[in-house]
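Dear colleague,

Here is the structure I said I would pass on. My notes follow below it.

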Amino acid sequence: MDLEQSLSLVPTNPKFQNSIGVAYLESDELLKARKHFKQAVQLHPKFEEALLNSAKCEWQLGDYGAAKTLFSTLLEVDPENEVAMLNL
């Protein structure tokens, strides 16, 4: 069973969506990673790890505006997040 097939078992689990995104990000499959990070954030808008991963992915894709928006959202959720502060 591959990642996408596994996801069909728990499609509304933001942690699983984020984990799949991380696997794709580590495999340099940025567009697939983006899809799963967006889904994780949509399912749980204050999920800090997914917001951070999504921002990093957007940055790597060159969508700096989207990355900045995600880092800003992350700071709203966690005003002490150093990674978000350093990237704004």
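Contacts of Leu75

Apart from its neighbours within four places in sequence, Leu75 touches Asn81, Ala84, Met85 and Leu88, where contact means heavy atoms within 4.5 Å. Leu75 lies in helix H5 (residues 64–77); helices here are DSSP runs of H or I with at least four residues, strands are runs of E with at least two, and both are numbered from the N terminus. Leu88 is 13 residues from Leu75 along the chain, and their C-alpha atoms are 9.8 Å apart.

This is a predicted model: local features need pLDDT of at least 70, side-chain atom pairs count only at pLDDT 80 or more, and totals for chains, interfaces and linings use all residues. Residues are numbered from 1 along each chain as its sequence is written, and side-chain values use heavy atoms, with hydrogens and water left out.

The chain as a whole

The protein chain has six helices and zero strands. Of its 88 residues, 35% count as buried, meaning under 20% relative accessible area with a 1.4 Å probe, protein chains only. Among contacts between residues at least 6 apart in sequence, 34% join residues at least 24 apart.

H2 and H3

Helix H2 (residues 14–26) packs on helix H3 (residues 30–43) at an angle of about 160°, with the axes 8 Å apart. Axes are lines fitted to C-alpha atoms, for helices over the stretch in contact, and angles run from 0 to 180 degrees between N-to-C directions. The two helices are therefore roughly antiparallel (angles over 145 degrees).

Regards

Methods:
Parallel < 35°, antiparallel > 145°, perpendicular 65-115°, else oblique. Buried < 20%, exposed > 50% of the residue type's maximum accessible area, 1.4 Å probe, protein only.
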